[in-house]
Amino acid sequence: MSVMQNNSEKAKWYLPGVLGGLGITMKHLLVNLFNRKKMMTLNYPEEKYEYSPRFKGNHVLTVKKDGSLRCTACMLCATNCPAECIKIVAAEHNDPHVEKFPISYEIDILRCVFCGYCEEACPVDAIRLGPEWQTPGVNGANFIYDINHLAYRPNLKGGIQTHVDDEERLKSGI
């Protein structure tokens, strides 16, 4: 390993660098003091930032028109998850048109990296990343979300229906 040292006379003078840094800091201070409306900060939680519609927040399991889960337990979301935070337990369904359904669907939200691969992999639009991003919890809170939290939490108001048509889905064999 070689170490390069700058032995010039200019390198020994640190005062110009310090004054330059203080000048930049003072410039930002004065700009922010006299242009408060253009400040980049918000008074959270009174003011909330408006994220774009493409924002990927907390997961949502979508439901059919009858209120049952859209998920067919095909395991594509769990397979494509790079953080391996999705666990699904599948079971046979009584309806002959439905091959399988999840009896347990859990997402460890502390391991999730919100990449959206689960959403992209799902062939039936069963999982989405919604606009919610605040997940408060006290010490010891449960950050492993189950079906009830993912599909039927109170702020979803009975679940989010998908745009996928059931008849079209059955015709294509999904």
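Trainee: In this predicted model, how far apart do the end C-alpha atoms of residues 13–34 lie?

Mentor: Happy to start there! A UniProt annotation, from an unreviewed entry, labels residues 13–34 "transmembrane region". In the model, that span is 91% helix and 0% strand. Its end C-alpha atoms are separated by 34 Å.

Trainee: Which element has the lowest mean pLDDT?

Mentor: Let's look at the whole protein before its parts. Its mean pLDDT is 86, and 90% of its residues reach 70 or more. Among the elements, helix 2 (residues 76–80) has the highest mean, 96. Where pLDDT is low, the predicted coordinates should not be read in detail. The lowest mean, 62, belongs to helix 5 (residues 166–171).

Trainee: How many bridges join strand 2 to strand 3?

Mentor: Good one to trace on the structure. Strand 2 covers residues 86–92 and strand 3 covers residues 100–108, and the two run antiparallel. As one example of who faces whom, Ala91 stands opposite Phe101 in strand 3. The number of bridges joining these strands is seven.

Trainee: And what is the bridge partner of Ile107 in strand 5?

Mentor: Strand 3 is joined to strand 5 as well, by two bridges. These strands run antiparallel. In strand 5, the partner of Ile107 is Tyr145.

Trainee: Which element gives the largest share of the largest nonpolar core?

Mentor: This core has 25 residues, and Leu61, Ile86, Tyr105, Ile107 and Ile127 touch the most other members. Strand 2, strand 3 and helix 4 (147–152) are the elements that give two or more residues to the core. The largest share is three residues, and it comes from helix 4.

Trainee: Is Asn58 buried or exposed?

Mentor: Asn58 lies in the loop between helix 1 and strand 1. Beyond its neighbours within four places in sequence, Asn58 is in contact with several residues, including Phe114, Trp133 and Arg153. Its relative accessibility is 4%, and the cut-off for this class is under 20%. Asn58 is therefore buried.

Trainee: Why does the pair of Tyr44 and Trp133 count as tilted?

Mentor: A search of the whole structure finds four aromatic pairs. For Tyr44 and Trp133, the ring centres are 6.2 Å apart and the planes meet at 45 degrees. Stacked needs under 30 degrees and edge-to-face over 60.

Trainee: How many residues apart are Tyr44 and Trp133?

Mentor: Tyr44 is in the loop between helix 1 (15–34) and strand 1 (59–61). Trp133 is in the loop between strand 4 (127–129) and strand 5 (144–145). Tyr44 is partly exposed at 47% relative accessibility, and Trp133 is partly exposed at 39%. The pair links distant parts of the chain, and the separation is 89 residues.

Trainee: What kind of pair do Tyr51 and Trp133 make?

Mentor: Tyr51 is partly exposed, at 37% relative accessibility, and 82 residues separate Tyr51 from Trp133. Tyr51 and Trp133 also belong to one aromatic cluster with Tyr44, Tyr49 and Phe55. The ring centres of Tyr51 and Trp133 are 5.8 Å apart and their planes lie at 70 degrees, so the pair is edge-to-face.

Conventions: Residues numbered from 1 in each chain as written. Predicted model: local features only at pLDDT ≥ 70, side-chain atom pairs only at ≥ 80, totals over all residues. Heavy atoms only, no water. Phe/Tyr/Trp six-rings, centres within 6.5 Å; stacked < 30°, edge-to-face > 60°. Helix = DSSP H or I, 4+ residues; strand = E, 2+ residues; numbered from the N terminus. Buried < 20%, exposed > 50% of the residue type's maximum accessible area, 1.4 Å probe, protein only. pLDDT = per-residue confidence, 0-100. UniProt positions renumbered as here; feature names shortened; annotations may be inferred. Pairing = 2+ DSSP bridges. Core = buried A, V, L, I, M, F, W, Y, C linked by side-chain atoms within 4.5 Å. Contact = heavy atoms within 4.5 Å.
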